[in-house]
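Please prepare a short briefing on the structure shown below. Group the points by topic and keep the wording plain.

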Amino acid sequence: METPSRRSVLLAGGTIGALGALTVASPAQARPLWTWSPKGSVVGAGQGADPRWVWDPEADDLVAALLQRGDVPKVNELLKTWTKNGQALPAGLPADLRDFLERARQLPSWTDQDKLAKAFEFNQKRGLYLGVTYGFASGMMSTAIPHEARAVYYSKGGADMRDRITKTAKLGYDIGTEKAFQPDGEMIVTCVKTRLAHAGVRNLLPKSAYWTKTADEKIPISQADMMVTWHSLPTTVMKQFAKWKVAVPADEAAAFLHSWQLAAHMLGIKDEYIPKSWDEANAQAAQVLDPVLAPTAEGIKLADMLLNLAAFIDGGILTKHILGALTRFVLGDEIATWLKIPKEPVWDQVFADLWPPFVAVREGILDITKAPKELREFYWVFDEIIRQGVLLVLSGANYPISIQIPTTNNPNY
């Protein structure tokens with residue numbers, strides 16, 4: 001795959017994983033005692049330790065050493081050329097980093113290539129829905145996860161949200177490609193680079209006086225935090241599909257889950273925390289995701305930044321209102337109110353009235369081929385509004401996308 005175009009990044013369903021993947025997570029709020037059993041994981045076993053107190057020591061220690069030696073700028077420059085999963089690592093990398101990358105790029109023994117092929121079919125058929133859910137369910141939801149919002153806001157990514165979301169968009173794009181985890185794909189590289197970036201944030205963010213004033217833990221991005229973000233993506237997507245009555249065959253649902261199970265592993269999440277089934281995923285999400293959703297000052301500001309990313313088109317006269325209404329429709333009144341997204345009498349009603357028949361037409365439940373010409377034209381206009389609404393967010397992005405290890409926190413804080 002060549003460097004993804006702006007349009008392909010968005011409409012491949014990886015889309016606005018951009019928005020969706022504000023994937024630098026931070027320690028989650030206080031939760032009930034951890035009771036989810038590792039028997040429900042992809043490996044069916046584990047120590048069962050509370051993931052709030054587990055991080056990624058191998059990556060964290062490595063990146064700490066790179067930062068201390070001053071190697072990160074050189075490493076970031078060299079790793080720009082590493083784009084394909086099976087590609088040889090660049091010459092000149094520090095030996096400890098090279099050894100780590102060779103280990104980290106290996107797929108786990110439980111990888112199922114047949115399921116991955118089926119997952120691509122799923123992504124092809126559901127690309128538009130995935131774009132909407134990654135962006136306006138997953139992405140905007142992340143601003144209502146308190147510690148995630150604060151970590152994003154005070155880390156380097158918070159200083160340039162457009163750059164931030166283009167990098168997280170790549171994760172969503174790559175997982176939807178045909179050869180995502182094969183040698184000529186890019187998903188493994190993207191995950192491993194993101195894992196290193198997360199380790200950089202763990203090393204740097206505790207040095208931010210602004211973050212430490214609001215955080216209730218000393219180290220961000222625990223295993224629990226990564227699972228919170230993970231559930232805001234595939235688990236939330238499937239819940240939205242069910243809500244919208246999008247029928248997903250069992251084999252496609254299992255395949256979609258498998259692609260995200262592999263993503264979790266490659267991002268450095270321990271296998272014992274990765275759910276083996278949708279039932280287990282929903283049970284875990286009820287414990288780690290649902291209880292932490294709440295508003296914060298940082299999350300409100302981030303949400304406003306995201307809704308304004310298309311303002312360069314029209315100064316926010318129309319785009320912000322459309323994106324805000326779509327967010328309210330997808331996430332519901334409570335979260336939209338938390339994020340101070342105003343109600344939009346016109347656009348709120350448009351989405352409430354048109355989304356159900358829009359899905360019904362796309363799913364073949366409702367046949368409009370014999371409907372009046374005006375109705376058919378209006379349907380296609382609505383389809384284009386959805387597509388373009390997602391596209392506008394990244395239309396100012398810079399390419400190629402290079403995920404890097406940070407060397408500073410948000411310079412504005």
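Of the 413 residues in the chain, 58% are buried. The model is a predicted one. Its secondary structure comes to 20 helices and 0 strands. The accessible surface is about 16,500 Å², and carbon and sulfur atoms account for 56% of this area. Among contacts with a separation of 6 or more, 80% join residues 24 or more positions apart.

**Nonpolar core**

- The largest nonpolar core contains 103 residues.
- Leu101, Phe181, Leu196, Phe241 and Phe256 are the residues with the most contacts inside this core.
- Helix H7, which covers residues 127-142, gives the most to the core, with 9 residues.
- In soluble globular proteins, nonpolar side chains tend to be buried together.
- Apart from neighbours within four places in sequence, Phe256 is in contact with Ala119, Phe122, Leu130, Tyr134, Pro234, Val237, Met238 and Trp278.

**Helices H12 and H13**

- The axes of helix H12 (residues 223-243) and helix H13 come within 11 Å and cross at roughly 180°.
- Angles over 145 degrees count as roughly antiparallel, so H12 is roughly antiparallel to H13.
- On the H12 side, the contact is made by Trp230, Leu233, Pro234, Val237 and Met238.
- On the H13 side, the contact is made by Ala253, Phe256, Leu257, Trp260, Gln261 and Ala264.

**Ala281**

- Ala281 lies in helix H14, which covers residues 278-288.
- Ala281 has a relative accessible area of 0%, so this residue counts as buried.
- Not counting residues up to four places away in sequence, Ala281 touches Trp230, His231, Thr235 and Pro275.
- Ala281 and Gly40 are 241 residues apart in sequence, while their C-alpha atoms are 8.8 Å apart in space.

**Asp56 and its salt bridge**

- The count of salt bridges comes to 19.
- One of them joins the side chains of Arg195 and Asp56, with an N to O distance of 2.7 Å.
- Arg195 lies in helix H10 (residues 187-204) and Asp56 in the loop between H2 and H3, so this pair ties together parts that are 139 residues apart in sequence.
- Both Arg195 and Asp56 are buried.
- The loop that holds Asp56 runs between helix H2 (17-20) and helix H3 (57-69).
- The relative accessibility of Asp56 is 4%. Buried means under 20% relative accessible area, so Asp56 counts as buried.
- Leaving aside neighbours within four places in sequence, Asp56 is in contact with Arg195, Arg202 and Gly268.

**Two further salt bridges**

- Lys84 forms a salt bridge with Glu186, and their closest N and O atoms are 3.1 Å apart.
- Lys84 lies in the loop between helix H4 (72-79) and helix H5 (95-104), and Glu186 in the loop between helix H9 (161-175) and H10, so the pair ties together parts that are 102 residues apart in sequence.
- Glu186 has a relative accessibility of 7% and counts as buried.
- Lys125 forms a salt bridge with Glu252, the closest N and O atoms being 2.4 Å apart.
- This pair links distant parts of the chain, with Lys125 in helix H6 (residues 113-125) and Glu252 in helix H13 (residues 250-266), 127 residues apart.
- Lys125 is partly exposed, with a relative accessible area of 47%, whereas Glu252 is buried, at 4%.

**Two loop lysines with positive phi**

- Where is Lys245 found? Lys245 is in the loop between H12 and H13.
- The phi of Lys245 is near 60°, which is a positive value in a residue other than glycine.
- Lys245 has a relative accessible area of 66% and is therefore exposed.
- Lys340 is in the loop between helix H18 (333-338) and helix H19 (345-362).
- Lys340 has a phi near 60°, a positive value in a residue other than glycine.
- With a relative accessible area of 62%, Lys340 is exposed.

How values were computed: Residues are numbered from 1 along each chain as its sequence is written. This is a predicted model: local features need pLDDT of at least 70, side-chain atom pairs count only at pLDDT 80 or more; totals for chains, interfaces and linings use all residues. Side-chain values use heavy atoms; hydrogens and water are left out. Helices (H or I, at least four residues) and strands (E, at least two) are DSSP runs, numbered from the N terminus. Buried means under 20% relative accessible area, exposed over 50%, partly exposed in between (1.4 Å probe, protein chains only). Contact means heavy atoms within 4.5 Å. A nonpolar core is a set of buried Ala, Val, Leu, Ile, Met, Phe, Trp, Tyr and Cys residues joined through side-chain atoms within 4.5 Å. Accessible areas come from the Shrake-Rupley method with a 1.4 Å probe; for residues, only the protein chains shown count as cover. A salt bridge is a side-chain nitrogen of Lys or Arg within 4 Å of a carboxyl oxygen of Asp or Glu. Axes are lines fitted to C-alpha atoms, for helices over the stretch in contact, and angles run from 0 to 180 degrees between N-to-C directions. Angles under 35 degrees count as roughly parallel, over 145 as roughly antiparallel, 65 to 115 as roughly perpendicular and the rest as oblique.
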